[in-house]
Amino acid sequence: MKIENSVVFISGANRGLGLAFAQEALKRGAKKVYAGVRTPTAVTLPGIVQVQLDVTDAASVAAAARQCADTTLLVNNAGIARLNGSVLDASMVDLSREIFETNYYGTIFLSQAFAPVLAKNGGGAVVNVLSDATWFSRPLLASYSSSKSAVWSFTNALRVELRGQGTLVQGLHVSFMDTDMTQGFDMKKTSPLQVAQASFAGVEANQEEVLVDSFTREMKQSLSGDKALYLNPPEIA
């Protein structure tokens, strides 16, 4: 499909990667961009329609799908990350539940609500924002990594099921991005705009998986080898 003349729905679109997706969609000629946000504001950008959305609430998601029934491209971007201490801490259980509610169940809610919309509108595409953390679990991000591994598994199943209705399902993997989530961390970061550009280029090229940065590509390539990076993690990644 082409981004030009498409109607794009993006969850978590008020800042960071979500906002970059919205801006890149408009730059590529999208007819309309829906920005799913928890709290719509009076400040709007030309071409972007704010839609109230709580991805952890099935009723809120269903209402958004009804309101945005002309959508042809869904971007499941909404996500949260929290640092945990030791993976042996009791607090990791509650932290994991919180993260899964948004990252995993939120993706399922949106995918289920919008799949019939996409089918009605000719198939279209779904982009699920994943991570190098899908395969490489850092102890401080163990809960987040677990959620992204789960979303990757769901993405793979969703892809198989939606092929029958002509819907492309893209898994978008990227390492650390220069967003609020990584503020204060001294590391190599990819710009959100670069990620959005890579994803949309992949949609237009019918790519079911996009690996944005060199570390993510190295991580994925190592999975089947004797020296898989998740078994032999670098000190700094």
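The model is predicted: local features need pLDDT of at least 70, side-chain atom pairs count only at pLDDT 80 or more, and totals for chains, interfaces and linings use all residues. Residues are numbered from 1 along each chain as its sequence is written, and side-chain values use heavy atoms, with hydrogens and water left out.

**Exercise 1. The sheet**

Task: Determine the strand order of the sheet and describe the surroundings of strand E1.

Solution: 
Step 1. Strands (E, at least two residues) and helices (H or I, at least four) are DSSP runs, numbered from the N terminus. Two strands pair if DSSP finds at least two bridges between them.
Step 2. The order E3-E2-E1-E4-E5-E6-E7 describes an open sheet of seven strands with parallel pairing. Strand E3 (48–52) and strand E7 (209–211) are the edge strands, each pairing on one side only.
Step 3. Strand E1 (residues 7–11) is joined to strand E4 (residues 73–76) by three bridges, and Ile10 has Val75 of E4 as its bridge partner. Five bridges join E1 to strand E2 (residues 32–37), where Gly36 is the bridge partner of Ser11.
Step 4. Val7, Phe9 and Ser11 point one way from E1, whereas Val8 and Ile10 point the other way, and all are buried (under 20% relative accessible area, with a 1.4 Å probe and protein chains only).

**Exercise 2. Two helices**

Task: Describe how helix H1 and helix H5 cross.

Solution: 
Step 1. The axes of H1 (residues 16–27) and H5 (residues 192–204) come within 8 Å and cross at roughly 55°. Axes are lines fitted to C-alpha atoms, for helices over the stretch in contact, and angles run from 0 to 180 degrees between N-to-C directions.
Step 2. H1 and H5 are therefore oblique to each other. Angles under 35 degrees count as roughly parallel, over 145 as roughly antiparallel, 65 to 115 as roughly perpendicular and the rest as oblique.
Step 3. The residues in contact include Leu17 and Phe21 of H1 and Leu193 and Phe200 of H5; contact means heavy atoms within 4.5 Å.

**Exercise 3. One residue**

Task: Is His173 buried or exposed, and which residues does it contact?

Solution: 
Step 1. His173 belongs to strand E6.
Step 2. His173 has a relative accessible area of 0% and is therefore buried.
Step 3. Leaving aside neighbours within four places in sequence, the contacts of His173 include Trp135, Trp152, Glu209 and Leu211.

Conventions:
Buried < 20%, exposed > 50% of the residue type's maximum accessible area, 1.4 Å probe, protein only.
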